[in-house]
Amino acid sequence: MKNLDRIINNFKTNKGSLIGLLQDISDLYGYLPEKVLEEVSSKLNVALSHFYSLATFYTSFRLEPMGKHHCSICVGTACHVRGATMVVESIERELNVKAGETTEDGNFTVETVNCLGACALGPLVVIDDDYHGNLDGRKAIKLLKKYED
Ligand code: FES
């Protein structure tokens, strides 16, 4: 039995929540592929729009695949007052994306977050699991180059 069928059967057997079901699908694929949601919707007889309303309400779900590198830019208060807006603008311009998007080459997914718990280092960017503090626009662009293939 393929993994998706196992997830669906587990949901039916345990009468699980739809959020849990979406989480399992997300864990399997790394995001919520449209075709998979259509298949699950059909097999469970749950409106596809219901899945999309959950998937778009909870920010932990993604409807697009993640890029190779995950770039989180902190725009929390401490980082904001130290110039996070310039860091966001520089990264968006350099990569030609808006926060929440993935670059065309699939190398970066960029997002803004509200606090990464290291406020003294602000403005702060986390790429994958690496923290980079005291950034400005120029330093941020230089930093991105380290993650380009
Ligand atoms: S506000 Fe940026 S790390 Fe806390």
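This is a predicted model: local features need pLDDT of at least 70, side-chain atom pairs count only at pLDDT 80 or more; totals for chains, interfaces and linings use all residues.
The protein comprises 7 helices and 4 strands, which follow one another along the sequence in the pattern α-α-α-α-β-α-α-β-β-β-α. Its C-alpha trace extends over about 50 × 30 × 25 Å along the principal axes. Of the 149 residues in the protein, 22% are buried, and among the contacts that link residues at least 6 apart in sequence, 60% are made between residues at least 24 apart.

The largest nonpolar core contains 17 residues, of which I73, A84, V87, I91 and V125 touch the most other members. Two or more residues are contributed to this core by each of β1 (69-74), α6, β2 (108-113) and α7, and the largest share, 5 residues, is provided by α6. When residues up to four places away in sequence are left out, the contacts of I73 are with A84, V87, V88, I91, A99, V110, T112 and V125. A separate core of 8 residues lies apart from this one and includes I7, L21, L32 and A55.

The packing of α6 with α7 was examined in turn. The crossing of α6 past α7 is right-handed. On the α6 side the contact is formed by M86, V87, E89, S90, I91, E94 and L95, which meet G137, A140, I141 and L144 of α7. Grouped by class, the residues of this contact are 7 nonpolar, 2 polar and 2 charged.

L135 is situated in the loop between β4 (130-132) and α7. With 26 other C-beta atoms within 10 Å, L135 is buried, since 20 or more such atoms are required for that class. Apart from residues up to four places away in sequence, L135 touches V87, P123, V125, A140 and L143. Among these partners, V87 and A140 also take part in the contact between α6 and α7, while V87 and V125 are among the residues of the largest nonpolar core that touch the most other members. L135 and C79, although 56 residues apart in sequence, are separated by 9.6 Å in space from C-alpha to C-alpha.

Notes:
Residues are numbered from 1 along each chain as its sequence is written. A crossing is left-handed if the near helix is turned anticlockwise from the far one by less than a right angle, and right-handed if clockwise. Two residues are in contact if their C-beta atoms, placed from the backbone, lie within 7 Å. Ala, Val, Leu, Ile, Met, Phe, Trp, Tyr, Cys and Pro count as nonpolar, Asp, Glu, Lys and Arg as charged, and the others, Gly among them, as polar. A residue is buried if 20 or more other C-beta atoms lie within 10 Å of its own, exposed if 12 or fewer, and partly exposed in between; C-beta atoms are placed from the backbone. A nonpolar core is a set of buried Ala, Val, Leu, Ile, Met, Phe, Trp, Tyr and Cys residues joined through C-beta atoms within 7 Å.
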